[in-house]
Amino acid sequence: MSPRKVWAIAKKELKQASRDPLTLGMLLGLPTVMLLMYGYAINFDVRHVPLAVRDLDKSRESRELVAEFVNSTYFDVVSDVAAGDDLDRFTERRIAKVVLLLPEGFSRTLERGGSAGVQLILDGADANTATTVLGYASALVGAANVRRIQARAAGRLDLAPIDYQPRVFYNPELKTTQFLVPGLVGFILMLTAVLSTALSVVREKERGTLEQLRVTSLRPSELIVGKTLPYLAISLMATVLILVAARVLFGVAVRGSYLDLFVATVIYLIGALSFGLLVSSLSESQAMAFQVGMVTSMLPAIFLSGFIFPIRAMPQLVQALTYAVPARYFLVVSRGIILKGGALSEYTRDMGFLVLYASVVLTIAYARLTRREV
Amino acid sequence: MSSVLEIDRLVKRFGAFTSVDELSLHVNEGEVFGLLGSNGAGKTTTIRILCGLLEPTSGRARVLGIDVAKEPERLKHAIGYMTQRFSLYDDLTVIQNLRFFGGVYGLKGARLREREAWAVQIAGLEGKQDLLTRSLPGGWKQRLALACAILHQPKVVFLDEPTGGVDPISRRRFWTLIDELAGSGVTLIVTTHYLDEAERCDRIALMHASRLVAYGTVHELKDVFAGRVMLEVACARVLDGQALLEREPGVFEATVFGTRLHVVVADEQQGRRQVTDALTRAGLAPVAVERIVPSLEDVFIHCIEAEEARRRAS
């Protein structure tokens, strides 16, 4: 392989890319836009749930419990419900998603050491949100109970208070964006790397320049490396942009080593770029390459990688399919490095699969692209 | 004169379809060789085999002594090829295209700069180096494509329909360029379906439906009518006239040429009389007859019809 010839191809690719703001924009801008869109849109967190309160007790205790809900920032009190009001009205007209009912005698029952009832009425139309809200409410009431027990224990029985302090590791606030960013990196890189190489090769097929190149003394390996390197560089730049955007917009920092992340990303990208070459060898037109590339890279990277749907929850057959999806392995590694601060050496199995994927796909693509017409 | 290209019983099949059937010919050094035929006659397939892009089904082809099927990589250093569409990068400038192809051919340093300057000069693109190739008129693009294809100074150059879609003046300029190259010792194999271009070739081969049907210098080919005379006949209802004359004894061939007939007879005086009488008797007057020199087109029509007759017979 002659580095001079590889460089001639790579330089040409870069010049063409720089003359084509649409493609360059797609490669560099789209990832960030997608991060924004998905980052804000795919958000399973529930905050500021509209809450209506009917406090018939109007005691210090009852107000404390309501304050507990408000201070959590998960709930906003939108309305006070008077004694005779129709409760359905609030949920039906969607004034509030949740109604908290504190009965008369709430504080008195508590004083007596009895268990006072609190009622929560929940709009269950959006099951996901309802489940989450229910979880929050239970946790808040639970926390209030804990405090009461502690106070009582400290005051009367001198028992050690139950120190209930749940802790969540890696993503302490259980924020979905945190969890999604590594997945997005995998998905976006897959998409742009596959499409950019596939389109750049098929464009030459369409224009007839590939035929011209094939009569030159250029080796197929020189052509392939020369065509892939610029897109590898551009994809790495896109990765940096995504990471910066994730940091600035969502506060997601890389906890592990940047070098580890770089190595993992490069290996993942080599697989994706090779897959793009394979797509180009199967397509005769740019439109076809685009479609094939979209379907075969985007869909598995979203649905079969564990990005959104956990692999363990999939049917057996689909689980088996996910082994052929490189985004699956990259997701494990990138989540590990970005969120947990893990080292690459902890992920030898997943990295092994990524290397295997890249070598198999590159071999097939190479064989298909260099085969002489018969 | 030594031959730089030898084709011996070359066959190329795509499934059941035979694209090139038992083609044998040779091309001499420094020659401009024309490969003619209609679309689908097998010209491009032949060229692609000779450039090492396609593997022949059987038969042999050697270019500069290199077997094209066995050593396609060695072959590629020695030849230049300009594909049907001028395969340049539209979104690069003139000089970027030249540098790119130079790089791909492995040219560097002083040699690259010298070849670039040469290419710009022969393409007539001085001062236009920084224009986007997209913005160039067809004739310039075509000369630039040729310059790119021969930057590495190959001894043999294949041009596949180099003048498609180019205006007549540019076509003439292009042929002057071809003649200059041939004068410097380069062998050129050109496919075309323009007959005026065929007339400019040293020798030509005509392919029809995968087979070679005529082969030689223009002068030799015109010899198919040797000893016979071609008459151009004007009459009413030329199609009826043709049907009539084809059955007339002493008429070898009668072909429709636009609004006239081209008729081959043995003797001018006797032929004139015979044709005039037969057409007048059939009520196809007024009749005008003139002796003409057969053109290359007449030769090709003759060859193709003879080939079709042979096929029908077998």
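Predicted model: local features only at pLDDT ≥ 70, side-chain atom pairs only at ≥ 80, totals over all residues.

Me: How far apart do the C-alpha centres of domain 1 of chain B and domain 2 of chain B lie?
Reply: Chain B is divided into domain 1, residues 3–216, and domain 2, residues 223–313. Taking the C-alpha centres of these two domains of chain B, the separation is 38 Å.

Me: Which elements give two or more residues to the side of domain 1 of chain B that touches domain 2 of chain B?
Reply: In this contact, 8 residues of domain 1 of chain B meet 7 residues of domain 2 of chain B. The domain 1 side divides into 5 nonpolar, 1 polar and 2 charged residues. The elements of chain B that give two or more residues to that side are helix H7 (195–199), strand S9 (203–208) and strand S10 (211–216).

Me: How far apart are the C-alpha centres of the two domains of chain A, domain 1 and domain 2?
Reply: In chain A, domain 1 is made of two segments, 20–43 + 175–370, and domain 2 spans 49–157. Their C-alpha centres lie apart by 48 Å.

Me: Which element gives the largest share of the side of chain A that touches chain B?
Reply: The contact takes 23 residues from chain A and 20 residues from chain B. On the chain A side, two or more residues come from helix H1 (3–19) and from helix H8 (209–215) of chain A. By class, that side has 5 nonpolar, 7 polar and 11 charged residues. The largest share, 7 residues, is that of H1(A).

Me: Are H3(B) and H4(B) parallel, antiparallel, perpendicular or oblique to each other?
Reply: The axes of helix H3 (residues 94–104) and helix H4 (residues 109–122) of chain B come within 10 Å and cross at roughly 135°. Angles over 145 degrees count as roughly antiparallel and 65 to 115 as roughly perpendicular. H3(B) and H4(B) are therefore classed as oblique.

Me: Is the crossing of H3(B) and H4(B) left-handed or right-handed?
Reply: B:Ile95, B:Leu98, B:Arg99 and B:Gly102 of H3(B) meet B:Leu112, B:Arg115, B:Glu116 and B:Ala119 of H4(B). The residues of this contact divide into 4 nonpolar, 1 polar and 3 charged. As H3(B) passes H4(B), the crossing is right-handed.

Me: What is the bridge partner of B:Val233 in S13(B)?
Reply: Strand S11 (residues 229–234) and strand S13 (residues 260–265) of chain B run antiparallel and are joined by 5 bridges. In S13(B), the residue bridged to B:Val233 is B:Leu261.

Me: What is the bridge partner of B:Arg62 in S5(B)?
Reply: An open sheet of chain B has the order S2-S1-S4-S5, with antiparallel pairing. S2 (17–28) and S5 (66–67) of chain B each have a single partner strand, so one side of each is left without a neighbour in the sheet. Strand S4 (residues 58–63) of chain B is joined to S5(B) by 2 bridges. In S5(B), the partner of B:Arg62 is B:Asp67.

Conventions. Residues numbered from 1 in each chain as written. Chains lettered and ligands numbered in written order. Domains from an automatic or database assignment. Contact = placed C-beta atoms within 7 Å. Helix = DSSP H or I, 4+ residues; strand = E, 2+ residues; numbered from the N terminus. Nonpolar A, V, L, I, M, F, W, Y, C, P; charged D, E, K, R; others polar. Axes fitted to C-alpha atoms, helices over the stretch in contact; angles between N-to-C directions. Parallel < 35°, antiparallel > 145°, perpendicular 65-115°, else oblique. Left-handed = near helix turned anticlockwise from the far one by under 90°. Pairing = 2+ DSSP bridges.
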